Amino acid sequence: MNDYLNTVETKKITKRFGDFTAVDNVDFYIQKGEIFGLLGPNGAGKTTLMRMLCGIMLPSGGTAKVLGWDVRENPEKIKRNIGYISQRFSLYNDLTSYENISFYSEIYDVPNGKRKSRIEELIQITGLAGLEDIQAKQLSGAWRQRLALACAITHRPPMLFLDEATAGVDPISRREFWDLIYEMAGEGVSVLATTHYMDEAEYCNKVGMILDGKIISIASPDTFKESLEGFLVVVDCDDPIRAEEVLDGLDGVLDASIHGILLHVMLKSENMVCNVKRALIEEGILIENIELIQPSLEDVFINIVEAQRKIEKENFADGVEL
């Protein structure tokens, strides 16, 4: 294995498809045992970036190293020394759980003398005991996810890539899956996970928020939440759309946005809550509940994205090329 300081390092890595730039001058690094999350909407460039790092796709510009190997010069070495799980789960449906793990152990050259014990170990680690003889196609999404993890780590990779690996899996199973990932990180395995689930990003040591192919900010989840200026109020009312329009023009309101059936309002001061109530009542809006809450990573992400969009609009209006 190569000597390396960080398991992943990128410098201005870029991917273009014709005139379209899917990944735009991205810089970040992942330390040993660190869980790094790429958080962004569909189409933000998460999967394209991951494919370049996995040696599947060559970058158009910039450089990247994984486990000390350059993605351009040694893609095959990278592929053989990482674990990878996508939302589609690369399983063979007609093979049993045991047969799938056995097949991947051969692919990853697990020594014959250690193969059986490693398979049995993985079955215990992932909780697949009792399901060894069940075909993959007969397993639920949550169990297929666990089987995919077992297959991906048969060779004990020091780096694991999770590309929307929990998409379509129920919240409880997602949490149990992340418990397994935490255990691996505790043993020194580095993890890069792409997700659009805000709650999942909370499991990461660091989060890179990606938008339009650019990482617009990197920090720990707690640092992101602490950086949000103002006081967050959640409003439960009978007409959140109208309430948003009313509060957008109210003095002291930094931002107002709809989250499901609730309205999240960012205020300059917590004393502004009374003004919010008064403004809504005067417009005939019925308030069921209003209270101060701690901001979530979703609130931060929306705030950062809106600020980025505002900058882009201002630059466009001024004729500045981004």
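**Close-up views of the predicted model**

View 1. D109 counts as exposed because its relative accessibility is 54%, where exposed stands for over 50% relative accessible area, buried for under 20% and partly exposed for what lies in between, with a 1.4 Å probe and protein chains only. The model is predicted, so local features need a pLDDT of at least 70 and side-chain atom pairs count only at pLDDT 80 or more, while totals for chains, interfaces and linings use all residues. Residues are numbered from 1 along each chain as its sequence is written, and side-chain values use heavy atoms, with hydrogens and water left out. D109 is not a glycine, yet its phi is positive, at about 60°. The residue sits in the loop between α3 and α4, with helices (H or I, at least four residues) and strands (E, at least two) taken as DSSP runs numbered from the N terminus.

**View 2. N25 in strand β2.** N25 belongs to strand β2, which covers residues 20-30. The phi of N25 is near 50°, a positive value in a residue other than glycine. Most residues other than glycine have a negative phi. With a relative accessibility of 41%, N25 counts as partly exposed.

**View 3. The salt bridge of R80 and D109.** R80 forms a salt bridge with D109 (a side-chain nitrogen of Lys or Arg within 4 Å of a carboxyl oxygen of Asp or Glu), and the closest N and O atoms are 2.6 Å apart. This pair links distant parts of the chain, as R80 is in helix α2 and D109 in the loop between α3 and α4, 29 residues apart. R80 is partly exposed, its relative accessible area being 39%. By this rule the model has 15 salt bridges.

View 4. R156 and E121 form a salt bridge in which the closest N and O atoms are 2.9 Å apart. Here too the pair links distant parts of the chain, with R156 in the loop between α5 and β7 (159-163) and E121 in helix α4, 35 residues apart. R156 is exposed, with 54% relative accessible area, whereas E121 is partly exposed, with 29%. R118, E121 and R156 are linked in a network of salt bridges.

**View 5. The salt bridge of K225 and E202.** The side chains of K225 and E202 meet in a salt bridge, with 3.1 Å from N to O. Because K225 lies in helix α8 (residues 221-227) and E202 in the loop between α7 (198-201) and β9 (206-211), the pair ties together parts that are 23 residues apart in sequence. E202 is partly exposed, at a relative accessible area of 31%.

**View 6. The largest pocket.** α2 (75-80), β6 (82-86), α3 (97-107) and α5 (141-152) each supply at least two lining residues, and β6 gives the most, with four.

**View 7. The second largest pocket.** About 270 Å³ of space lies in the second largest pocket. Among its 14 lining residues, R118, I153, M184, E187 and V189 lie nearest the centre. α4 (112-125) and α6 (171-186) each supply at least two residues of this lining.

Key
1 Å grid on protein atoms, 1.4 Å probe; cavity = no way out; pocket = protein on both sides within 12 Å on 5 of 7 lines; lining within 4 Å. Points joined across faces, edges and corners; volume = space filled by probe spheres on them.
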